[in-house]
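User: Please take me through some of the labels used for this structure, and show for each one how the value compares with its definition.

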Amino acid sequence: MRARYAAEVTVIVGQRFASLGGVTVRNRRLALLWLRRQALRLANGHGSAVRDASPADVRPVRFHGTDAPERLRFWATDHRGQDEAIRALEAGFPLLLTVVDPAVGLSLTLAGWRGSLADHL
């Protein structure tokens with residue numbers, strides 16, 4: 001049986017933690033593609049509804065500064081970073097990217113790992 005991969009986006013604001021959404025997919029490339037799509041949607045949306053949203057997309061987040069969206073956009077479009085991410089997943093390591101919006105104490109994490117989303121809960 002082939003390994004399945006999960007991906008999830010979470011947010012912490014102050015003492016509150018929430019999952020913005022996640023998926024379980026059949027391979028690491030699909031997990032990485034989903035995370036890249038979510039990073040770009042969150043960076044480009046700045047909390048507004050995005051017209052091309054699909055049911056598997058995460059809920060939007062309103063950033064107060066530009067650092068967090070720019071870091072998400074850079075990660076999603078940086079070829080070297082994407083190569084490192086796919087190699088980490090291939091080796092069985094989790095993929096984690098956290099961006100911070102210090103103006104409101106928001107911390108957003110994109111995560112991917114081998115296994116299912118249910119294994120994480």
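Analyst: What follows is a set of questions about labels and their answers. The model is predicted, so local features need pLDDT of at least 70 and side-chain atom pairs count only at pLDDT 80 or more, while totals for chains, interfaces and linings use all residues. Residues are numbered from 1 along each chain as its sequence is written, and side-chain values use heavy atoms, with hydrogens and water left out.

User: Why is L106 called buried?

Analyst: Buried means under 20% relative accessible area, exposed means over 50%, and partly exposed lies in between (1.4 Å probe, protein chains only). L106 has a relative accessible area of 7%, and therefore counts as buried.

User: What does L106 touch, and where does L106 sit?

Analyst: L106 is placed in strand 4, residues 106-114; strands are DSSP runs of E with at least two residues, helices are runs of H or I with at least four, and both are numbered from the N terminus. Leaving aside residues up to four places away in sequence, L106 touches V11, I12, V13, V61, R62, F63, V99, V100 and D101, where contact means heavy atoms within 4.5 Å.

User: What makes the pair T109 and T98 a polar contact?

Analyst: A polar contact is a pair of N or O atoms within 3.5 Å; within protein, one must be able to donate a hydrogen and the other to accept it, and residues adjacent in sequence count only if both atoms are side-chain atoms. The side chains of T109 and T98 are joined at 2.8 Å. T109 itself is buried, because its relative accessible area is 16%.

User: How do you know that E90 and R28 form a salt bridge?

Analyst: A salt bridge requires a side-chain nitrogen of Lys or Arg within 4 Å of a carboxyl oxygen of Asp or Glu. For E90 and R28 the N to O distance is 3.3 Å, so the label applies. The pair links distant parts of the chain, with E90 in helix 3 (residues 79-90) and R28 in helix 1 (residues 28-45), 62 residues apart.

User: Why is E90 called partly exposed?

Analyst: The relative accessibility of E90 is 44%, and so E90 counts as partly exposed.
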